[in-house]
Amino acid sequence: MASTLNSFEHRSALAAGLADRVATQLTAGIETRGSATLAVSGGSTPKAFFEALSTRDIDWAKVTVTLVDERYVPADNPRSNHLLVAEHLLQNKAAEAAFIPLYRDDQDVERAAEGVTVDMASLGHPFDVVVLGMGGDGHTASFFPGGDHLGQALDLSLPPRVFAMQAEGAGEPRLTFSFSALHDARLLVLHIEGNEKKAVLETALAGTDEADMPIRAPLLRAASPVEIYWAP
Ligand SMILES: O=C1O[C@H](COP(=O)(O)O)[C@@H](O)[C@H](O)[C@H]1O
C-alpha cells in the first residue's frame with residue numbers, strides 16, 4: 001500500500017498536526033464503535049506529540065492506550081516506553097484513558113509474550129490508531145535486524161500476537177506486537193524526525209530486503225496506507 005509524506009517545517013508543528021490527526025481518528029472510532037484503541041511507540045521522538053495529544057478534547061475514558069513495543073525493563077527504568085507514556089501522554093485530559101502495559105514484573109520475556117498476547121485479545125482487532133517510530137538501523141516496533149523472532153514477527157499469515165525479541169542492536173530484550181497486529185490499523189502512522197532519519201527512510205524506500213531494514217515491512221506490505229509524519 002502506498003505511503004504519503006507529511007512534511008512540517010518545525011517539530012512543534014508536526015506534534016500539533018499529528019495530535020489533531022490522531023484525535024480525529026480516535027473520536028471517529030468512539031462514535032462508530034463506542035470505544036477506541038491507540039498503540040504508540042516509545043524512544044526519544046514522540047514526547048512533544050504525546051504532550052500535544054494529551055491536551056486534545058477526546059472522550060479519553062473510552063480510549064485504551066498500549067505500546068507497539070516495550071524494552072523489557074520495569075516501568076521506573078528511564079529506558080521504559082511505559083514510563084515515557086505515563087509522563088508525557090497519560091496526563092492532562094488523557095489521564096482518563098486506560099493503559100495496558102506490556103512489561104510483567106514477575107515473568108521472563110518469553111513467558112510475558114504469551115500472557116500479554118492473551119490479555120491483548122480483549123482490545124479487538126484492528127487498532128484504531130498505530131503510531132510507529134523508526135531507528136537509525138531501520139527497525140520499527142521491535143522488529144530489529146537480526147532479531148531472534150524477526151521472521152515470525154513479520155509473517156502476515158500468523159495471527160496477531162505479541163513476540164519476545166532479542167537482537168544485538170536492541171539493548172535489552174523486547175516485547176513487540178507482531179506486524180499482523182499492526183499493519184491494518186485504521187490509521188497507520190510513521191513518525192520520524194531529523195535529516196538522518198529522512199535519509200534512512202529514503203534508503204528503505206529504495207530497496208526490498210526486510211531482514212536488513214524491517215521498516216520496509218510496513219512501507220511495502222501493510223494493508224493500510226502509511227501516513228509518514230516528518231520534520232527536520
Ligand atoms: O527502541 C525503540 O526505538 C524506536 C525509535 O526510537 P527513537 O529514539 O529513535 O525515536 C521506537 O520507535 C521504539 O518504540 C523503541 O522501542
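Visitor: Which residues lie nearest the centre of the second largest pocket?

Guide: This is a predicted model: local features need pLDDT of at least 70, side-chain atom pairs count only at pLDDT 80 or more, and totals for chains, interfaces and linings use all residues. Residues are numbered from 1 along each chain as its sequence is written, and side-chain values use heavy atoms, leaving out hydrogens and water. A pocket is an open set of points on a 1 Å grid over the protein atoms alone, where a 1.4 Å probe fits, with protein on both sides within 12 Å along at least five of seven lines; lining residues have an atom within 4 Å of a point. The second largest pocket has 13 of them, and nearest its centre lie Met120, Ala121, Gly124, Pro160 and Phe177.

Visitor: Which residues are closest to the centre of the largest pocket?

Guide: The lining of the largest pocket divides into nine nonpolar, eleven polar and five charged residues. It holds 25 residues, and closest to the centre are Gly42, Gly43, Arg71, Met134 and His139.

Visitor: Is glutamate 210 buried or exposed?

Guide: Buried means under 20% relative accessible area, exposed over 50%, and partly exposed in between (1.4 Å probe, protein chains only). Glutamate 210 has 15% relative accessibility, so it counts as buried.

Visitor: Which side chain does a polar contact join to glutamate 210?

Guide: A polar contact is a pair of N or O atoms within 3.5 Å; within protein, one must be able to donate a hydrogen and the other to accept it, and residues adjacent in sequence count only if both atoms are side-chain atoms. For glutamate 210 the distance is 2.8 Å, and the partner is arginine 221.

Visitor: Why is asparagine 92 counted as exposed?

Guide: Asparagine 92 also has a positive phi of about 50 degrees, although it is not a glycine. Most residues other than glycine have a negative phi. Asparagine 92 counts as exposed because its relative accessibility is 52%.

Visitor: What is the omega of the cis peptide bond at proline 126?

Guide: Most peptide bonds are trans. The bond that joins histidine 125 and proline 126 is cis, with an omega of about 0 degrees.

Key
Nonpolar A, V, L, I, M, F, W, Y, C, P; charged D, E, K, R; others polar.
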